[in-house]
Amino acid sequence: LVTGVQTCALPICAGQTGTRSMTIPRDTTGGPKEGAEKIKKMKAMQDKLAAKLAGNERLARLAKQVRMVDTSEGIRIDLVDDADFSMFQLGTTVLTSDAARLLAVIGQTVAPEAGGLTIRGHTDALPWKSGGANNWSLSAGRAEATRQALLRQGVAEGRFARIEGVADRELLVKDNPQDPRNRRISILLVR
């Protein structure tokens, strides 16, 4: 037994005995408050989008194709194909009528938001039968077709920071590169 010295067995106390220091700049921001605002903004956008989709029977069926994800770069809206729904006509950059309606609602939802936008086109790994085109040009063309659809809904031209085609390099369903869910458009609202 040592007298006059208090020891603490809690894990937090171990961190208080180190010799390293850290300097935090005065103008630094961040923490639980800012994180809560980010979550609140995403939830409000989700609710707004869900209400607009629910208001139309045809669009309500497509709500399952829309995924909203909070990333380190911003809020990403993914529009995902599946076996029963395709955003574009097969092998083209032409939007289907349902996808055009869906993008109209998304455009109306993101138009009043602040910040830049990045549009990213993704394809599955199905090979092309003809020689001229490929998944790179298809994914980039679909991202551009999406940008044009958003412009028609009032999204300002200056908000588009980047248009990207990534072909089949960022698969959603990695264990099945030919799965239709790998075909998608990502709309990133950059912070």
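Which residues lie nearest the centre of the largest pocket, and how many residues line that pocket? In this predicted model, the lining of the largest pocket comprises 14 residues, and those nearest the centre are Leu90, Gly91, Asp124, Leu126 and Pro127. The volume of this pocket is about 310 Å³, and its lining divides by class into six nonpolar, four polar and four charged residues.

The second largest pocket holds about 180 Å³ of space, and the closest to its centre among its 13 lining residues are Arg76, Arg120, His122, Glu170 and Ser186. Three strands, β2 (74–80), β3 (117–122) and β5 (184–190), each contribute at least two residues to the lining of the second largest pocket. Sorted by class, that lining contains seven charged residues, along with four polar and two nonpolar ones.

The largest nonpolar core has 32 residues, of which Ile77, Leu79, Met87, Leu102, Ile106 and Ile187 touch the most other members. Two or more residues of this core come from each of the elements α2 (32–54), β1 (66–70), β2, α4 (97–110), β3, α5 (135–152) and β5, and α4, with six residues, gives the most.

When residues up to four places away in sequence are not counted, Met87 is in contact with Leu79, Asp81, Val94, Leu95, Thr96, Ala99, Leu103 and Ile185.

Definitions and conventions. Residues numbered from 1 in each chain as written. Predicted model: local features only at pLDDT ≥ 70, side-chain atom pairs only at ≥ 80, totals over all residues. Heavy atoms only, no water. 1 Å grid on protein atoms, 1.4 Å probe; cavity = no way out; pocket = protein on both sides within 12 Å on 5 of 7 lines; lining within 4 Å. Points joined across faces, edges and corners; volume = space filled by probe spheres on them. Nonpolar A, V, L, I, M, F, W, Y, C, P; charged D, E, K, R; others polar. Helix = DSSP H or I, 4+ residues; strand = E, 2+ residues; numbered from the N terminus. Core = buried A, V, L, I, M, F, W, Y, C linked by side-chain atoms within 4.5 Å. Buried < 20%, exposed > 50% of the residue type's maximum accessible area, 1.4 Å probe, protein only. Contact = heavy atoms within 4.5 Å.
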